[in-house]
Amino acid sequence: MQMQSVAWWPILTAVAIATFTDIRSRKVPNWLSLPLMAAGPVVSIVVAGGHGLLESFYGWGLAVLVFGLLNWLGGMGMGDVKLMAAIGAWIGPGQLFFAMILTFLTGGLMAVVWSVSKGFAGELFSNTGALVGSWRRGFKPHAELNLSNPGARRMPYVPAIATGVLLSFFAHAK
């Protein structure tokens with residue numbers, strides 16, 4: 001049995017609930033992410049032994065590294081980080097890497113559609129340029145363009161995560 005087939009239903013359920021809560025309250029509850037995160041390595045051991053445990057930890061680590069950096073820069077909430085870490089613990093680094101690429105593409109498309117529909121597309125592209133140049137600030141959060149700024153625009157990101165992760169299952173189907 002492959003881990004991918006075992007992981008489908010728990011992840012589908014988790015991202016469906018997380019999408020609902022993120023759209024409604026801009027929060028991803030710990031009661032959802034933390035048990036999913038804890039179960040990933042356990043199920044990986046059952047399905048694939050020690051190798052499965054390593055894959056689970058590598059997937060978790062990749063998610064924490066990439067999404068944690070985005071959180072540290074002020075562009076993503078901790079709920080998104082924990083959800084991706086939990087997903088990474090289930091699907092491992094290979095599928096997670098592809099899921100992250102799909103997530104970022106989906107999130108970018110969602111942001112463009114959202115900004116055009118609300119009339120601030122120029123601001124979106126200007127701000128994106130400022131954020132991409134974060135290396136010039138020494139990878140420090142932007143003074144205004146971060147989630148701690150009450151005036152910053154906030155887009156629920158779990159719908160992009162859900163889309164990217166679920167599409168990655170279809171791309172990895174054998």
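Trainee: In what order do the elements of the protein run from the N terminus on?
Mentor: The protein has zero strands, and its helices number five. Read from the N terminus on, the order is therefore α-α-α-α-α.

Trainee: Which element gives the most residues to the largest nonpolar core?
Mentor: The core holds 33 residues, and those that touch the most other members are Ile11, Phe67, Met84, Ile87, Ile91, Ile161 and Val165. Two or more residues come from each of α1, α2, α3 and α5 (158-171). With eleven residues, the element that gives the most to this core is α3.

Trainee: At which residue does α3 bend?
Mentor: A straight helix at 1.5 Å a residue would reach 60 Å, but the end C-alpha atoms of α3, which has 41 residues, are only 26 Å apart. The helix bends by about 120°, and a proline, Pro93, follows the bend within four residues. The residue at the bend of α3 is Gly92.

Trainee: Which element gives the most to the lining of the second largest pocket?
Mentor: This pocket has a volume of about 350 Å³. The elements that give two or more residues to its lining are α1 (3-25), α2 (30-72) and α3 (78-118). Seven residues come from the element that gives the most, α2.

Trainee: How many residues in the lining of the second largest pocket are polar?
Mentor: The lining comprises 18 residues, with Met3, Gln4, Glu55, Ile91 and Gln95 nearest the centre of the pocket. By class, six of the lining residues are nonpolar and two are charged. The number of polar residues in this lining is ten.

Trainee: Why does Leu54 count as partly exposed?
Mentor: Leu54 is a residue of helix α2. A residue is buried under 20% relative accessible area and exposed over 50%, with partly exposed in between. Leu54 counts as partly exposed because its relative accessibility is 42%.

Trainee: What separates the C-alpha atoms of Leu54 and Ser44?
Mentor: Along the chain, Leu54 and Ser44 are ten residues apart. In the predicted model, the separation of their C-alpha atoms is 8.7 Å.

Key:
Residues numbered from 1 in each chain as written. Predicted model: local features only at pLDDT ≥ 70, side-chain atom pairs only at ≥ 80, totals over all residues. Heavy atoms only, no water. 1 Å grid on protein atoms, 1.4 Å probe; cavity = no way out; pocket = protein on both sides within 12 Å on 5 of 7 lines; lining within 4 Å. Points joined across faces, edges and corners; volume = space filled by probe spheres on them. Nonpolar A, V, L, I, M, F, W, Y, C, P; charged D, E, K, R; others polar. Expected span 1.5 Å × (residues − 1). Bend = angle between axes of the 7 residues up to and from the residue. Core = buried A, V, L, I, M, F, W, Y, C linked by side-chain atoms within 4.5 Å. Buried < 20%, exposed > 50% of the residue type's maximum accessible area, 1.4 Å probe, protein only.
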